[in-house]
Amino acid sequence: MEYFVNCNTSTLAPYTTPLDKIRAAHLYRRLGFSASVQTINSAVGQNAGTLVDALINEAVTMPPLAAPAWADWNNSNYPADDDLARQLRRAQQEEFAVSYTNGLLNDNLRDRLSFFWSNHFVTEIDVYNCNSFLYYYINCLQRNSIGNFKTFVSEIGLTSAMLYYLDGVYNNGNNPNENYARELYELFTLGEGNGYTEQDIIETAKALTGYVERGELGCEQVTFDPTRFDAGPKTILGQTGNWNYDDVIDILFQERPNEIAGFICQKLYEFFVHPDSDDDAGNAQTIITGLANTMVASNFEIAPVLSQLFKSQHFFDDEAIGVIIKSPFDIYLNLINETNFAYNDNTILNVVDTTRMLGQTLFDPYDVAGWQRDRTWINTNFIIGRWLTVEVFLELFYQGNAEQFRTLAMDVVGPGDSNTSNPETVVRALVDKFTPLGLLTVQDFENAMSVFKIEDVPEEYYGSDYIPGGLGLWMLSVSPEVPQQVFLLLMHLSRQPEFQLK
């Protein structure tokens with residue numbers, strides 16, 4: 001796998017050229033989990049600003065997932081038998097995983113962002129082990145994913161999932177626990193060692209005391225108990241007073257706005273544009289500074305920052321396309337969206353199970369620092385796992401309805417070529433659909449052609465625009481071999497390095 005250097009020197013000036021197919025696909029691969037031929041075609045020729053505005057407005061106005069029946073359950077709602085209770089919890093988690101993953105597949109930017117933030121404000125359900133906490137945590141991510149970052153920080157820290165995961169419920173006035181205070185600065189807002197001291201952590205921990213689990217039943221939402229709060233004076237980032245939770249957030253954003261904005265905008269840049277933000281060859285740091293200035297000027301609203309980034313020449317530069325390695329969720333959700341093949345909730349559950357095998361467990365990142373993404377997704381075991389599992393999905397789609405492979409090919413070539421007798425037309429369109437910038441060499445493309453032209457179809461059956469004297473007996477819309485040819489080509493493409501990129 002080639003290591004990409006970030007040579008992007010474009011600026012945050014608006015990208016005003018009407019979108020071509022490559023850039024329309026790039027936008028949907030980054031702002032969502034890719035899109036169908038029809039969605040990309042409808043974006044071609046549009047102004048980037050208009051389309052980005054529509055996607056941002058969709059994200060801003062989209063309601064969160066509806067509360068499941070068990071959203072407010074505590075341990076008393078489960079069977080007394082431990083095995084039965086465990087089975088029910090697992091069934092609820094599966095149900096919720098399917099609902100949320102369907103959202104990832106269909107909700108474009110809103111859940112692309114909620115998923116991004118789940119890897120920033122990390123919790124692990126294996127640690128807090130309560131489904132109602134999971135629901136309210138995801139609800140918080142969805143409501144705030146493109147809202148106000150200061151509000152987001154404040155609300156996420158008071159979710160029961162977070163208070164349990166980072167020991168906030170064990171942080172008492174007479175025995176402070178520093179876990180959440182440390183991660184608030186180090187991972188959530190400032191970055192490691194950036195504008196705070198160990199003493200700030202100690203003092204902040206005192207201000208965050210008093211949050212305890214209500215009652216004795218277990219799996220009950222955390223509440224504030226003033227008798228467990230440290231009511232003494234604390235000095236935090238140079239400010240002294242009898243500070244509490246809300247004061248901590250106010251002081252943090254008042255005293256360190258530029259550090260917060262710089263840290264968050266770098267994470268957004270590395271997620272949406274390029275994994276390397278510190279290469280000397282490009283101007284990533286200038287871009288991040290510009291975005292951070294926008295964030296501070298916008299009072300920490302997230303939407304203006306993303307709007308500026310996604311409409312920019314920098315985002316649509318050639319150097320930004322196809323340079324991020326797909327996560328496991330990208331691999332399978334992009335495949336479903338790009339093929340437009342029929343799927344059901346069992347398909348989605350298979351996606352959730354398969355991503356777990358490849359190092360990305362839904363609701364359960366690796367540790368408090370989250371999945372490290374990009375190059376960590378590729379090692380000897382994972383790359384073979386990616387190849388084999390994509391083949392399993394393709395085989396299931398083929399067994400379910402082979403003709404949908406013909407439909408895909410007809411969609412990608414477009415109405416003018418839907419009955420072409422030229423196999424190169426079909427292969428080139430499919431290659432362009434499933435790789436960000438095509439295959440690297442002419443030989444790679446010839447290899448793909450060889451896979452597509454199966455032995456069952458004699459060479460002379462193809463059209464004269466492909467082979468001199470061709471009979472044109474092979475036709476995309478009617479030849480019985482076409483579904484198998486498309487299936488074999490997709491199996492081949494799924495093993496190419498370019499398929500791993502977005």
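Predicted model: local features only at pLDDT ≥ 70, side-chain atom pairs only at ≥ 80, totals over all residues.
**Largest pocket**

I find 28 lining residues. Those nearest the centre of the largest pocket are N119, K267, W371, Q372 and R373. I note a volume of about 630 Å³ for the largest pocket.

Next I asked which elements give two or more residues to this lining. They are helix 5 (109-118), helix 10 (179-189) and helix 13. Helix 13 has the largest share, at five residues. By class, I record twelve nonpolar, seven polar and nine charged residues in the lining of the largest pocket.

**Second largest pocket**

I then turned to the second largest pocket, with a volume of about 410 Å³. I find 17 residues lining the second largest pocket. R90, Q93, I125, D126 and R356 are the closest to its centre.

Which helix gives the most to this lining? Helix 4 does, with six residues. Helix 4 (82-106), helix 6 (125-128) and helix 18 (345-357) each supply at least two.

**Helix 13 against helix 14**

Helix 13 came up in the largest pocket, and I followed it to its packing with helix 14. Helix 13 spans residues 257-272 and helix 14 spans residues 284-297. Their axes come within 8 Å and cross at roughly 125°. The crossing of helix 13 and helix 14 is right-handed.

I listed the contact residues on each side. Helix 13 brings P257, N258, A261, G262, I264, C265, Q266 and Y269. Helix 14 brings A284, Q285, I287, I288, L291, A292, M295 and V296. I count twelve nonpolar residues and four polar ones in the contact of helix 13 with helix 14, with no charged residue.

**Helix 20 against helix 21**

Last, I checked helix 20 (residues 403-413) and helix 21 (residues 423-434). How do their axes cross? They cross at roughly 90° and come within 9 Å. An angle of 65 to 115 degrees counts as roughly perpendicular, so helix 20 is roughly perpendicular to helix 21.

From helix 20, the contact uses L408, A409, V412 and V413. From helix 21, I note T425, V426, A429, L430, K433 and F434. The contact of helix 20 with helix 21 divides into eight nonpolar residues, one polar and one charged.

Note on methods:
Residues numbered from 1 in each chain as written. Heavy atoms only, no water. Axes fitted to C-alpha atoms, helices over the stretch in contact; angles between N-to-C directions. Helix = DSSP H or I, 4+ residues; strand = E, 2+ residues; numbered from the N terminus. Left-handed = near helix turned anticlockwise from the far one by under 90°. Contact = heavy atoms within 4.5 Å. Nonpolar A, V, L, I, M, F, W, Y, C, P; charged D, E, K, R; others polar. 1 Å grid on protein atoms, 1.4 Å probe; cavity = no way out; pocket = protein on both sides within 12 Å on 5 of 7 lines; lining within 4 Å. Points joined across faces, edges and corners; volume = space filled by probe spheres on them. Parallel < 35°, antiparallel > 145°, perpendicular 65-115°, else oblique.
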